[in-house]
Amino acid sequence: MQEERRKKLVDGPILSALIFLAVPIVLTNILQTAYQLIDAFWVGRLGGEAVAVMAVVFPVSFLAIALGMGFSIAASTLVAQYAGAGKKEEVTHTASQSMFIAIIMGLLFGAIGYGASPVILKLMGVPAEIYDVALSVIRVTFFTTPFSFIFMTYQSLMRGVGDTMKPLYVVGTTVLLNAILDPFFIFGWGPVPEMGVVGATIATFITQGIAAVVGLAILFRGSNGVQIVPREFSIDATFMKRLLWLGAPTSAEQVFRSLGYVVMTVLVVAYGTVEVAAYGVGANVMMVVLIPALGLSLAVSALVGQNIGAGKPQRAREAVRVGARVSFVALALAGVVAYVAAKPIVGFFIDNESVEVVARAVTFVRITAISFSFIGLEMVYLGAFRAAGSPGIALWLTFIAQWLIQLPLAFVLSRYTSLGVEGIWWAGPISQFFILIVTMIWYGYGKWQKTSLTEEEQLAEEVAEEILIEEGVRKV
């Protein structure tokens, strides 16, 4: 089954291979996003302040996840290239070490985040009327971090070997359970006491824990082309060096993104609870419409990694070209729909009685919808850079886009022009257009596709081939 899957990815028609990978990934991302959407729907029934709490907590929780995201993406890159090259021992070693590191990091970041929660909220300038509830929510969220790290790594490993269906089944089941638990914990149905916004976070904690346990069980069984083994669960300094080389730039990229969201939230907080709530609603809409772009980016990344590992760089480049076209069209259509149907879409996330919040959120959605197609293209190119073992490119492009263009522009437009808070919204599309041009130029240069993590000379020069030899994974 695994060999058949490999041949499909490295020899079969590119569009069908891309669809084979992308459709389950997109559906899985939709279901994962459903966690937030279901929470947002029920929390929206509690009013504007409850929505504002979730808007404040989201960028902080995303920051915690971002710290581990890079290493899971690095694991996926290594597994994809080794699977493409048919090197099963390296796949097992990479998977086991990556999961061990994910567990340690999840526990560490969860503990640090829990302890630092009051300081984080005070630094963000969270309004007094929502501070206590926000503190409770963010602490439960940090409790969930280890489970999130485990399941994120499970998904990445499965994606690396081209199996995107099993994560879909796991997520689908846990999302359904979350939908059932949410109203019980939020409104206190039956024997469960009413917990409000905190209840939504507790429901997610329970279901994420179940997903993590199931993911570990599947990987321990090892019947899907990738396996983790207990004897590999130990500190491996040489592998850590390797994973750090690949994962640190991607983690830094995601941290820059999440810190950017935090800074954006701080800028919005200055305009009051209504604007914070509107920003939270708009962010939820953005999360939904960008799911296809993220799915295609991850599918392109897996396909590029497999083909570079198989020694087919031109086929990898063709996969990027096809993925970029599909992503551009899909996100352009999503942008049109979001612009035209902004009000009913916003109405899903907030009670229509919150008239002012709805009006402000509609404005935010319509402004940002302009940039959806730009984002779709950029995400595909960044996925290609990471899959080819060039995560530093994606890091610098993200840094330039957010920290040198978007955030300074948001500050200037909101504080020194008549746009006010809308200047923050407009900074997104403007910066996205300029960084897309830079990304396409960099991609066209073509050096990124020459990186192969499975070629022995490359390993010796860049990630140290002797790492595997010293550990006895590969024979001299």
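Before you click anything, keep in mind that this is a predicted model.

**Start with the whole chain.** Show it as a cartoon and you'll be looking at 18 helices and 0 strands. The chain has 476 residues, and 60% of them are buried. As for how the chain meets itself, take the contacts with a separation of 6 or more: 81% of them are between residues 24 or more positions apart.

**Next, select Val362.** You'll find Val362 in helix α13, which covers residues 355-369. Is Val362 buried or exposed? Its relative accessible area is 9%, so Val362 counts as buried, the cut-off for that being under 20%. Now show what Val362 touches: leaving aside residues up to four places away in sequence, the partners are Ala342, Lys343 and Val346. Ala278 is 84 residues from Val362 along the chain, yet their C-alpha atoms are separated by 8.2 Å.

Phe434 belongs to helix α16, residues 422-445. With 49% relative accessibility, Phe434 counts as partly exposed, because the exposed label needs over 50%. Then widen the selection to Ile370, Leu419, Trp426, Ile430, Phe433, Phe434, Ile437 and Ile441: together they make a nonpolar surface patch of about 710 Å².

**Now look for empty space.** Rolling a water-sized probe over the atoms shows where space is left empty. Which elements contribute most to the lining of the largest pocket? Start with the pocket itself, which holds about 240 Å³ of space. There are 15 lining residues, and the ones closest to the centre are Val60, Leu63, Ala64, Ile120 and Phe142. Colour α3, α4 and α8 (237-269), the elements that give two or more residues to this lining. The largest share comes from α4, with 6 residues.

The model has 3 cavities of 30 Å³ or more. Elements giving two or more residues to its lining are α3 (48-84), α4 (88-123) and α5 (128-160). To see that lining, select residues including Gly68, Phe71, Ser98, Met105, Phe149, Met152 and Leu243.

Definitions and conventions. Residues numbered from 1 in each chain as written. Predicted model: local features only at pLDDT ≥ 70, side-chain atom pairs only at ≥ 80, totals over all residues. Heavy atoms only, no water. Helix = DSSP H or I, 4+ residues; strand = E, 2+ residues; numbered from the N terminus. Buried < 20%, exposed > 50% of the residue type's maximum accessible area, 1.4 Å probe, protein only. Contact = heavy atoms within 4.5 Å. Patch = residues over 30% accessible without salt bridge, like charges linked within 9 Å, V, L, I, M, F, W, Y side chains within 5 Å. Areas by Shrake-Rupley, 256 points an atom, 1.4 Å probe, with all protein chains shown as cover. Salt bridge = Lys/Arg side-chain N within 4 Å of Asp/Glu carboxyl O. 1 Å grid on protein atoms, 1.4 Å probe; cavity = no way out; pocket = protein on both sides within 12 Å on 5 of 7 lines; lining within 4 Å. Points joined across faces, edges and corners; volume = space filled by probe spheres on them.
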